[in-house]
Amino acid sequence: MSRLLGLINWTLRPDRDADAPETTHRFRCLTLKDDDTECGAEGKPVTDLKAAQDWTFAHLRENSGHTSFAEIVERPWVMWRGGRA
Ligand SMILES: [Zn+2]
């Protein structure tokens, strides 16, 4: 995605540089409790998707009926200065 800001054309792209932060995954429990509020428990952000998924099984083991989750992905992006438009 590119946009002109002033006279500079900026491009937003995923940051895949060697020193970029790693993409992380975590899951949040969407199950509604008896009072109709969301459980909201979250696993820790981890770089390994399987480890993130493992948290959902542990959460279900400790919370019977908590079977609905959202995955939250944090992926680094960076603005790249694309020169004068
Ligand atoms: Zn839950």
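**The zinc site of the predicted model**

Cys39 is partly exposed, with a relative accessible area of 21%; buried denotes under 20%, exposed over 50% and partly exposed in between, for a 1.4 Å probe and protein chains only. The structure is a predicted model in which local features need pLDDT of at least 70 and side-chain atom pairs count only at pLDDT 80 or more, whereas totals for chains, interfaces and linings use all residues. Residues are numbered from 1 along each chain as its sequence is written, and side-chain values use heavy atoms, with hydrogens and water left out.

The zinc ion is coordinated by Cys29 (SG), Cys39 (SG), His59 (NE2) and His66 (ND1), at 2.0 to 2.4 Å. Donors are N, O and S atoms within 2.8 Å of the metal (3.2 Å for Na, K and Ca). Because the angles subtended by the four donor atoms are 108 to 111°, the arrangement is tetrahedral (four donors, all angles between 85 and 135 degrees). The spacing of the donor residues in sequence is C-x9-C-x19-H-x6-H.

His66 is buried, with a relative accessible area of 13%, and lies in the loop between helix 1 and strand 4 (DSSP runs numbered from the N terminus: helices, H or I, at least four residues; strands, E, at least two). The side chain of His66 makes a polar contact with that of His59 (3.3 Å); such a contact is a pair of N or O atoms within 3.5 Å, one able to donate a hydrogen and the other to accept it within protein, and residues adjacent in sequence count only if both atoms are side-chain atoms.

Notes
Four donors count as tetrahedral if all angles lie between 85 and 135 degrees; four count as square planar and six as octahedral if opposite donors are over 155 degrees apart and all others between 65 and 115; anything else is irregular.
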